[in-house]
Amino acid sequence: MWKKEDSKPQGVTEFSATPASSAPVANSNANTPANAPVSARATACISQGIKIKGEITGKEDLFIDGSLEGKLELGGGSVTVGPNGKVKADIQAREIIVRGSVQGKLNARDRVQLWNSGSVIGEVQTERLSIEDGALFRGKVEAGKPLGKNSEASSSVSAGSGSTKAGSVAAGTAI
């Protein structure tokens, strides 16, 4: 400690400049807890030109601007299909944002957002659905808060009398 104070005038200028410039580069891998806000917001990326066939699971956010075929499960994460992204997969996540092309079943706990450059062919099941002008959607929609008893006890009454039909009509009308 006393030796560091003796070299403080020279070390402070060097150390204060060095960690500021190298913290994002060198210390981001070494000190994950110190950079937790950066890593919590950082997303994994499947960039343009990369093709993946198979099953992807995880808990972090994912940005797809390449090609993906198979199954994608990110329970608490967000999936963003970039403008160059082409996905033929069933997607399950907290949030799904589509700016590219998706074919398959989309199941989002919170919301599905379809941008004007995006297209979805398949089924969408989510609490909230947002479709911008110019987007392409072909398929089935189940939007809104799921009722606790709807899936088991009231499935014969609600689903048969209007839940499934009303969900499709309501989503189509709101769009």
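I began with the aromatic rings, and my search of this structure, which is a predicted model, turned up zero aromatic pairs.

I then looked for charges placed over rings, and I noted that the charged end of Arg99 lies over the ring of Trp115, at 4.7 Å from the centre of that ring.

Searching the whole structure, I counted four salt bridges, and I looked up several of them one by one.

I looked at Glu95 and Arg111, whose side chains form a salt bridge with 2.5 Å from N to O. This pair joins distant parts of the chain, since Glu95 belongs to strand β5 (residues 86-98) and Arg111 to strand β6 (residues 101-114), with the two residues 16 residues apart.

I went on to Lys71 and Glu73, whose side chains meet in a salt bridge at 3.1 Å, N to O. Here I wrote down that Lys71 is partly exposed, with 38% relative accessible area, and that Glu73 is also partly exposed, at 27%.

My last entry concerns Asp110 and Arg109, where the side chains make a salt bridge with an N to O distance of 4.0 Å. For Asp110 I found a relative accessible area of 28%, so I recorded this residue as partly exposed.

Terms used. Residues are numbered from 1 along each chain as its sequence is written. This is a predicted model: local features need pLDDT of at least 70, side-chain atom pairs count only at pLDDT 80 or more; totals for chains, interfaces and linings use all residues. Side-chain values use heavy atoms; hydrogens and water are left out. Rings of Phe, Tyr and Trp (its six-membered ring) pair if their centres lie within 6.5 Å; planes under 30 degrees apart count as stacked, over 60 as edge-to-face and the rest as tilted. A charge sits over a ring if NZ of Lys or CZ of Arg is within 6 Å of the ring centre and within 35 degrees of the ring normal. Buried means under 20% relative accessible area, exposed over 50%, partly exposed in between (1.4 Å probe, protein chains only). Helices (H or I, at least four residues) and strands (E, at least two) are DSSP runs, numbered from the N terminus.
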